[in-house]
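Let's take a look around this protein, one piece at a time. Keep the 3D view open while you read.

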Amino acid sequence: MSSSEPDRSASRRSLLRKAAVTGGAAVAATAVTAVNATPAVAAPGDPVALGLPNSGGTTTVTSTAPGGAATLAVKNSTGATVELKRGTSTTPTLPGSLWSTRNGLGVSGATGSSGTLSRYDVLTTANATMLVPVPPTRILDTRNAAGRARLLEGAGRVDAQGRVVADSFLVVHLAGIAEYADGMLGNITVANTEKGGFATVFGRGDLPNASTINWWSAGQLLSNGVITQLGDYQTANGDYYPDVVAIYVQKSATAVILDVTGLLVWHPDSAVINGTRSTARMSLAAESGSTEVRAREIKANAERDGREVRAGA
């Protein structure tokens, strides 16, 4: 403040002290009007003017609040409590710094031996998947018609013994289990093998040059764990499935059984098989207000991995 405004300065400092907006006290809302639009000084121990530039560098708030009470409590019943604006620099200068990043929230660690700060991205539903266990669910069993109900492609490649013939491509949907999930964990089993061969489970892109399960003679019963991505698929009739997994059987006929036991998702709500039994799902329901809102959030997350997201899918 300039020395030409002594009355205004004294008046403002008095009002701010009455509002208890000081270092070492709780923060109360202070209206910013044309009368107090001049930047204020916020030296240690002085009041902080909300909504205005404050000179003096970093403002430190301390307290001796009893009973383990928080030093600073910020509440907003009608909107965001705290908003971090993205700046031009994303390089931290002090340990313990927080800032907004493209991935969500950045945080700096303690100064290392080299004198530089470590920078991290906080892992949240904005930038990372999580594993959600689901009830073990059989999504494919080629040995019977009921077990083939989820096949979108390859049903005509099953022989009378329920074996998938060699050089066959299967596509299985996970409707009612997952909604825009990123991947799945489960178990694949082959039974009544014709001769030696192998199969590959995958979710996106071209057929991988890798195997998920191998067998070496006729009449074998073998199983193996599987972790794979999920992809999307559109049938010839135009029906769209956002969550599918593919199986390619090579060189030998075999019955194929596939069970899912967990999902990799951006948010627990994508594990729709868990329904309202999931506490995380109920929590999100309370925060977002409706099934439609939750569905939009799930689909928005799915768009990040390049999967097509369709209204009403």
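## An open sheet

Four strands line up as an open sheet in the order β6-β15-β9-β12, with antiparallel pairing. Strands here are DSSP runs of E with at least two residues, helices are runs of H or I with at least four, and both are numbered from the N terminus. Two strands pair if DSSP finds at least two bridges between them. At the edges stand β6 and β12 (222-229), each with a single partner strand, so one side of each has no neighbour in the sheet. On average, neighbouring strands of this sheet are turned by 20° against each other, direction ignored (the axes are lines fitted to C-alpha atoms).

Zoom in on β9 and β15: these antiparallel strands are joined by nine bridges. For instance, M184 has L263 in β15 as its bridge partner.

A word on the model: it is predicted, so local features need pLDDT of at least 70 and side-chain atom pairs count only at pLDDT 80 or more, while totals for chains, interfaces and linings use all residues. Residues are numbered from 1 along each chain as its sequence is written, and side-chain values use heavy atoms, leaving out hydrogens and water.

## The nonpolar core

Which residues have the most contacts inside the largest nonpolar core? They are V245, I247, L258 and L263, in a core of 31 residues. A nonpolar core is a set of buried Ala, Val, Leu, Ile, Met, Phe, Trp, Tyr and Cys residues joined through side-chain atoms within 4.5 Å. Among the elements giving two or more residues to this core are β8 (168-173), β10 (197-202) and β14 (240-250). The largest share, five residues, comes from β15.

## A buried threonine

T200 sits in strand β10. Is T200 buried or exposed? With a relative accessible area of 2%, T200 is buried (buried means under 20%, exposed over 50%, partly exposed in between, using a 1.4 Å probe and protein chains only). A polar atom of the T200 side chain lies 2.5 Å from the backbone oxygen of A210.

## The whole protein

Altogether the protein has three helices and 15 strands. Buried residues make up 36% of its 313 residues.

Methods. Axes fitted to C-alpha atoms, helices over the stretch in contact; angles between N-to-C directions. Polar contact = N/O pair within 3.5 Å; in protein donor to acceptor, adjacent residues only side chain to side chain.
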